[in-house]
Amino acid sequence: LGAGDAFAIISEVHAATMETVTLSVQNDLSVNFLKVLPGTFPISLSMTEGFVAPLFTTAVGTAILSQLSDEEIAALAQRARTRARRRADRVDLDAVLKVVRETRQLGFAVLYDAVFPDTGAIAVPFPSQVEGFPMAIGVGGLRDRMRRNERAILKAIKGAMSRHMGATRARPRAGAAG
């Protein structure tokens with residue numbers, strides 16, 4: 001999967017956090033989970049490889065979007081708005097860009113109660129792509145446990161990426177604003 005050893009990275013993060021760890025890729029307006037290492041806590045976030053989640057309302061989706069230009073995000077948001085069946089499901093581009101810009105600045109995304117109630121996820125852009133589509137590493141688990149361990153989880157992700165990828169850093173594609 002390109003630079004570094006993606007499986008070694010997510011395995012190390014999994015061992016350090018004991019939470020569910022994923023490697024995900026953009027697939028149109030969704031995120032596909034390519035690799036999932038289930039959490040080892042008695043109560044853990046449960047998902048399988050191949051799971052599909054929304055691009056615009058998840059931590060991994062936000063980490064992926066942070067690698068795109070504002071123009072690319074606007075085009076995706078427009079497509080999502082035209083596909084939305086209910087007004088409540090329409091993508092608010094200004095809100096998305098605000099969160100994406102914050103993610104670019106911080107280098108990670110954190111969301112709680114986005115896909116499943118009482119859960120949270122932290123995601124970091126992964127500096128490789130699959131067939132031109134950006135990827136992200138995510139760590140998810142129970143909301144309260146994730147909040148308590150945010151710093152340690154980020155340290156585990158960044159440390160594993162640094163060890164396995166050297167000086168390679170997550171960079172937006174050419175033309176990305178940020």
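How much space lies in the largest cavity? About 210 Å³ of space lies there, where a cavity is, on a 1 Å grid over the protein atoms alone, a set of points where a 1.4 Å probe fits but cannot get out, and where a volume is the space filled by probe spheres set on the points, which are joined across faces, edges and corners. This is a predicted model, in which local features need pLDDT of at least 70 and side-chain atom pairs count only at pLDDT 80 or more, while totals for chains, interfaces and linings use all residues. Residues are numbered from 1 along each chain as its sequence is written, and side-chain values use heavy atoms, with hydrogens and water left out.

The count of cavities of 30 Å³ or more comes to one. The lining of the largest cavity consists of 21 residues, of which Phe33, Leu45, Met47, Val115 and Ala121 lie nearest its centre; a lining residue has an atom within 4 Å of a point. At least two lining residues come from each of β1, α2 (59–65), β5 and β6 (133–142), these elements being DSSP runs numbered from the N terminus, with helices (H or I) of at least four residues and strands (E) of at least two. By class, this lining has 13 nonpolar, seven polar and one charged residues, where Ala, Val, Leu, Ile, Met, Phe, Trp, Tyr, Cys and Pro count as nonpolar, Asp, Glu, Lys and Arg as charged, and the others, Gly among them, as polar.

The structure holds two aromatic pairs, a pair being rings of Phe, Tyr or Trp (its six-membered ring) with centres within 6.5 Å, called stacked if the planes are under 30 degrees apart, edge-to-face if over 60 and tilted otherwise. The rings of Phe33 and Phe51 have centres 5.5 Å apart and planes at 55 degrees, so this pair is tilted. Because Phe33 lies in strand β2 (residues 30–37) and Phe51 in the loop between β2 and β3 (52–54), the pair ties together parts that are 18 residues apart in sequence. Phe33 counts as buried at 7% relative accessibility, whereas Phe51, at 22%, counts as partly exposed; buried means under 20% relative accessible area, exposed over 50% and partly exposed in between, with a 1.4 Å probe and protein chains only.

Phe51 forms a further tilted pair with Phe116, at 6.0 Å centre to centre and 40 degrees between the planes. Since Phe116 lies in the loop between β4 (109–112) and β5 (119–130), this pair ties together parts that are 65 residues apart in sequence. Phe116 is partly exposed, with a relative accessible area of 28%, and ring pairs link Phe33, Phe51 and Phe116 into a cluster.

The second largest pocket holds about 290 Å³ of space, a pocket being an open set of points with protein on both sides within 12 Å along at least five of seven lines. Its lining has 15 residues, of which Pro54, Phe56, Thr57, Asp89 and Val91 lie nearest the centre, and divides into nine nonpolar, two polar and four charged residues.

Gln26, in strand β1 (residues 20–27), counts as buried at 7% relative accessibility. Its side chain reaches the backbone oxygen of Asp28 at 3.1 Å. Met165, in helix α6 (residues 150–165), also counts as buried, at 7% relative accessibility. Met165 and Pro127 are 38 residues apart in sequence and 9.0 Å apart in space, C-alpha to C-alpha.

Definitions and conventions
A polar contact is a pair of N or O atoms within 3.5 Å; within protein, one must be able to donate a hydrogen and the other to accept it, and residues adjacent in sequence count only if both atoms are side-chain atoms.
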